[in-house]
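Work through the exercises below with the model open in a viewer. Try each task before reading its solution.

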Amino acid sequence: MMGKKDILSMTLSVLETELTSLGEKKFRAGQLYSWLHDKRAVSFAECSDLPKSLIERLGEEYEIKRLKIIRKLESELDGTIKYLYEFPDGERAETVLMSYKHGNSICISSQVGCKMGCSFCASTKAGFVRDLLPSEMLLQIYETERDSGRKVESLVLMGIGEPLDNFDNVMTFLGLLSSEKGKNMSLRHVSLSTCGIVPRIRELADMKTGLTLSVSLHAPTDEKRNAIMPINRRYDTTELTEACKYYFAQTGRRISFEFALIDGVNDDKETAKELVKLLRPLSPCHVNLIPVNEIREREYRKSSKVREFQKFLTDSGINATVRRTLGADINAACGQLRRDSAGK
Ligand code: SAH
C-alpha cells in the first residue's frame with residue numbers, strides 16, 4: 001500500500017493541483033494552506049471552514065507530519081535550547097534555538113548525518129543516512145515555536161548536513177518558509193552555510209533569493225584545506241572563490257566566510273597572510289572567526305590566538321568578527337550537533 005502524501009511539503013501551487021484533481025475549487029487550497037502553515041493545524045478536523053467531505057478525503061490520502069521531541073536541553077548560560085527531534089521514520093537530528101537581543105534565531109538540520117567528512121565536525125562522524133524533506137525542515141521551526149512559545153525571526157541552515165547536497169528539498173522548503181500565507185519569512189533573514197559545492201553555489205546565485213551565503217572555509221590554501229575538508233579535492237579554493245565572486249556579482253550580497261581556529265593547525269601568522277591573499281579580491285566580504293568547538297572524536301583544541309588573528313585580518317582591510325558561542329554547556333555550538341545524542 002502507498003503511504004499517505006506528505007502535505008506539509010506541498011507548495012500552494014502543488015496543493016491547488018491536488019485539490020482541483022479531487023474535484024474541489026482552487027480557493028480551497030489557499031484555505032487549507034493557511035490552516036497548515038499559518039494557523040499550524042495538526043489535524044484536518046481543525047480546518048473548520050472546509051467542507052466535511054473534503055476533510056474526510058484529506059485524512060484518507062494525506063498526512064500532516066509531526067516531529068517528536070526526544071530530548072530538550074536548555075542552556076543555563078544564555079537560554080539557548082537544543083532539541084533532538086525524531087522524524088516519522090525514527091531517524092533523528094538536532095535543532096538549536098538561540099535568543100539574541102534582536103530576536104530569536106533557529107539553526108536547523110538539512111540531512112540526517114552528513115557525507116562531507118570535515119575532520120573537525122561531529123555531524124559527519126556517524127555517516128550519512130538520508131536527506132530531510134521540505135516538511136521535516138519546516139517542522140523543526142514549527143515544533144520549536146510551538147514548544148518554546150518563542151517566535152523565530154531568522155534562520156540559519158547550519159545544523160547537521162550539507163544544504164547544497166539536498167538542493168531541491170532545501171529550495172522547496174525556502175519557498176514554503178517565505179510564502180505569504182505561511183510563515184512569511186523574508187529570505188533576507190536566512191543564512192545558508194556550505195562547505196563549498198561549487199556548481200550549486202552558482203545555481204543559487206542565479207536564483208537571486210536574497211539569502212546570505214556562508215562559506216565554510218577554515219583554510220586558505222589547497223594543501224591546508226585538503227587536509228581537513230575532503231570537499232576541497234573536488235572543488236578547490238580557486239573554483240570556490242570564483243563561485244563566491246559570481247554569487248556577489250549576481251546578488252549583491254556580501255559573502256560570509258567561516259573560519260574555525262584550531263590550535264596549531266590554522267591559527268598561525270602564515271595562514272592569516274594566506275587568508276588575506278585569498279580574500280582580498282573578494283572584498284567586500286566578511287570573516288567569521290570561531291574558536292573551534294571541541295568534539296570527543298578529535299584532539300583539536302581551541303586556538304588562543306583568536307584576537308591576534310582577527311587583528312591581522314582587520315589591519316589588512318578584511319572585515320572579521322569573532323563569533324559568540326551560545327549553548328556551550330549543552331554542546332549546542334557549531335560542529336557539535338549530532339544525529340543522536342548517545343553517549344553525551
Ligand atoms: N555543511 C554545511 C553546514 C554545516 S554548518 C557547512 O559545511 O557549512 C556548521 C558550521 O560549523 C560550518 O561552518 C562548519 O564548518 C562549522 N564547524 C564544524 N565543526 C566545527 C567545530 N568543531 N568548531 C567550530 N565550527 C565547526
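The exercises that follow concern a predicted model.

**Exercise 1. Domain layout**

Task: State which domains the chain has and how many Å separate their centres.

Solution: 
- Start with the assignment. Domain 1 covers 5–63, and domain 2 covers 68–336.
- Next, take the centres over C-alpha atoms. They lie 34 Å apart.
- Then count the residues in the contact. Domain 1 gives 14 residues, and domain 2 gives 14 residues.

**Exercise 2. Size of the interface**

Solution: 
- Recall the convention. Interface size is often expressed as the accessible area lost when the parts come together.
- Now look at the side of domain 1.

**Exercise 3. Polar links and composition**

Task: Which residues form the salt bridge, and what makes up the side of domain 1 that touches domain 2?

Solution: 
- Count salt bridges between the domains. There is one.
- Identify a pair. Arg40 forms a salt bridge with Glu145, with the closest N and O atoms 2.8 Å apart.
- Locate the main element. Helix H2 (residues 27–37) brings five residues, the largest share of this side of domain 1.
- Sort the residues of that side. Six are nonpolar, five polar and three charged.

**Exercise 4. Buried or exposed?**

Task: Classify Ser214 and Ala328 by accessibility.

Solution: 
- Ser214 sits in strand E11 (residues 212–216). Its relative accessibility is 3%, so Ser214 is buried.
- Check its surroundings. Leaving out residues up to four places away in sequence, Ser214 touches Met158, Leu192, Ser193, Thr194, Ser256 and Glu258.
- Ala328 lies in the segment after strand E14 (319–322). Its relative accessibility is 46%, so Ala328 is partly exposed.
- Compare sequence and space. Ala328 and Leu77 are 251 residues apart in sequence, yet 7.9 Å apart C-alpha to C-alpha.

**Exercise 5. Packing of a helix**

Task: Which residues of helix H9 are buried, and which elements do they pack against?

Solution: 
- List the buried residues of H9 (residues 269–279). They are Thr271, Ala272, Glu274, Leu275, Val276, Leu278 and Leu279.
- List the partners. These residues pack against helices H7 (222–228), H8 (237–251) and H10 (306–315), and against strands E12 (256–261) and E13 (286–291).

Note on methods: Residues numbered from 1 in each chain as written. Predicted model: local features only at pLDDT ≥ 70, side-chain atom pairs only at ≥ 80, totals over all residues. Heavy atoms only, no water. Domains from an automatic or database assignment. Contact = heavy atoms within 4.5 Å. Salt bridge = Lys/Arg side-chain N within 4 Å of Asp/Glu carboxyl O. Helix = DSSP H or I, 4+ residues; strand = E, 2+ residues; numbered from the N terminus. Nonpolar A, V, L, I, M, F, W, Y, C, P; charged D, E, K, R; others polar. Buried < 20%, exposed > 50% of the residue type's maximum accessible area, 1.4 Å probe, protein only.
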